[in-house]
Amino acid sequence: MDDEKMEDSWLKELKSNMDMFAEVSIDEYQKIKSYLNLKKYPKGTVLKDAGQAETCARFILKGNISFSIQLPEGRTITKLVFFPGEVALDPVSFNSGTSSNFILKAISDVEVCEIDRQFESRIIKEAPAFFDLSIKVNHALQEKLVIWFAEFLSQPVKEVYDILSGPEQELGNTLKVKEIMDILGVSKSTIANFRKKKD
């Protein structure tokens, strides 16, 4: 398979994933492919560090990305996890173009499609068919934040732990104990008790 066919194959995969938000023809994707960057990052890669401005939106094709905040004393607290089929970014920094204390990190090997923040308006201008898709992706990100904090984390702590440490989205293999403690707001001894009950 030559490079052009491989690229077309990748665009079709991206389109297939994005169709859940809004359907846009493959011809339209061809128009903007120069703005799309397929990237693979190994587990542990910091995609956006504290003190930096968010430079791009990342549609996750494979893997999981954590979203953490760095406190003034330097301690980092994991707040949520982005899964395949979701867009991972620091929303406040992305929208304002200013730096923040939030960190995005690959907590497994990840494959993402990145769109540089500076090209967002140019893409819409050159391919207006992506306007509706852009709005729906943004709404999905906002919905993710609401559901994660207002619904998912409002469940009993043990139930949330079972989901985070279970096989779903391979989180059991990617999340560290500290990250689970941060997300749940519990101590290491509480996690140890959960593990004993699970065994």
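In which helix do lysine 31 and glutamate 28 both lie, and how many residues apart? Both belong to helix α2 (residues 26-32), three residues apart, about one turn of the helix; helices are DSSP runs of H or I with at least four residues, strands runs of E with at least two, numbered from the N terminus. The model is predicted, with local features requiring pLDDT of at least 70 and side-chain atom pairs pLDDT 80 or more, whereas totals for chains, interfaces and linings use all residues. Residues are numbered from 1 along each chain as its sequence is written, and side-chain values use heavy atoms, without hydrogens and water.

The mean pLDDT (the predictor's confidence in each residue, from 0 to 100) of the protein chain is 89. Confidence is lowest in helix α7 (residues 171-174), at a mean of 72, and highest in strand β2 (residues 46-48), at 97.

The whole structure contains 11 salt bridges, defined by a side-chain nitrogen of Lys or Arg within 4 Å of a carboxyl oxygen of Asp or Glu. Lysine 31 pairs with glutamate 28, their closest N and O atoms being 3.1 Å apart. Lysine 40 forms a salt bridge with glutamate 111. Lysine 40 lies in strand β1 (residues 36-41) and glutamate 111 in strand β10 (residues 110-116), so the pair ties together parts 71 residues apart in sequence. Lysine 40 is exposed, at 63% relative accessible area, whereas glutamate 111 is buried, at 8% (buried, under 20%; exposed, over 50%; partly exposed, in between; 1.4 Å probe, protein chains only). Lys40, Lys62 and Glu111 are linked in a salt-bridge network.
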